[in-house]
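Here is a structure to read for the first time.

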Amino acid sequence: MARIVFDLDGTLIDSAPDLHGIGNQLLEAEGHAPISLADTRAFVGNGAAVFVERMRAARGIADAEQTRLLAAFLRQYEQAVELTKPYEGVGSALTALARAGHRLGICTNKPIAPTRAVLNHLDLAGFFEVVLGGDSLALRKPDPAPLHAAFQALGAGPQIYVGDSEVDAQTAQRAAVPFLLFTEGYRRSSVADIAHHAAFSDFARLPDLVRQTLAGML
Ligand SMILES: O=C(O)COP(=O)(O)O
Ligand SMILES: [Mg+2]
């Protein structure tokens, strides 16, 4: 029985279409051209403030506008759930892992309010004993503190972290925890350039990867 902590955006859920929607609503209201879905995916991973910074940088919007635009972005964020979907096989994989007795948690840089809103909307909240967002603690990933805190909340047992990005790989490395990389999320580098224990593109493979990781076979 292990403790398994998951990243959220780009790992369990494809939330980029909703972020694309609220980002572009904001840009349009400010008189700027929209960003693409590919840009949106590349801007996710370091939390809402960095997302807005990257969006401003793409459209040449001054730093002085950050506070106002971030506040406007956060006002929309909790409602931005309609286009978000779990990746294929996520529900079955979480069910299998929970049935095998593993204890599950989330450590995301997404703010906690929209995190809880989207987990409830997708009926995934019940799987997780601990959910930490990017604003739950003073520090966020790639600092290892929130990952350590998530594992601590899950009690004792071996640890595994599952994520999709460079930020997650760095966090796992700093926390000295085995990292399973989901390759279909929002990573910006090639899989070979991201430190990982094992990589997978299909959630149907995750329960086996967890078994093999725990058995020391990988
Ligand atoms: O950048 C964000 O807001 C969230 O990203 P994460 O769930 O991949 O940590
Ligand atoms: Mg992610």
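This is a predicted model: local features need pLDDT of at least 70, side-chain atom pairs count only at pLDDT 80 or more; totals for chains, interfaces and linings use all residues.

Me: In what order do the 6 strands of the open sheet lie?
Reply: The pairing in this sheet is parallel. Neighbouring strands are turned by 20° against each other on average, direction ignored. The order is 5-4-1-6-7-8.

Me: Which residue of strand 6 stands opposite V5?
Reply: Strand 1 (residues 3-6) and strand 6 (residues 159-163) run parallel and are joined by 4 bridges. The residue opposite V5 is Y161.

Me: Which residues of helix 8 are buried?
Reply: Helix 8 covers residues 166-175. What covers its buried residues includes helix 7 (145-153), strand 6 and strand 7 (179-182). Just after helix 8, A176 takes a positive phi of about 55°. The buried residues are V167, D168, A169, T171, A172 and A175.

Me: Which residues come nearest to ligand 1?
Reply: The shell around ligand 1 has 4 nonpolar, 8 polar and 3 charged residues. Domain 1 (3-14 + 84-214) and domain 2 (16-77) each give at least three residues to this shell. Of the 15 residues around ligand 1, those that come nearest are L8, D9, T108, N109 and K110.

Notes. Residues are numbered from 1 along each chain as its sequence is written. Chains are lettered from A and ligands numbered from 1 in the order in which they are written. Two strands pair if DSSP finds at least two bridges between them. Helices (H or I, at least four residues) and strands (E, at least two) are DSSP runs, numbered from the N terminus. Axes are lines fitted to C-alpha atoms, for helices over the stretch in contact, and angles run from 0 to 180 degrees between N-to-C directions. A residue is near a molecule or strand if its C-beta atom, placed from the backbone, lies within 6 Å of it. Ala, Val, Leu, Ile, Met, Phe, Trp, Tyr, Cys and Pro count as nonpolar, Asp, Glu, Lys and Arg as charged, and the others, Gly among them, as polar. Domain bounds come from an automatic or database domain assignment. A residue is buried if 20 or more other C-beta atoms lie within 10 Å of its own, exposed if 12 or fewer, and partly exposed in between; C-beta atoms are placed from the backbone. Two residues are in contact if their C-beta atoms, placed from the backbone, lie within 7 Å.
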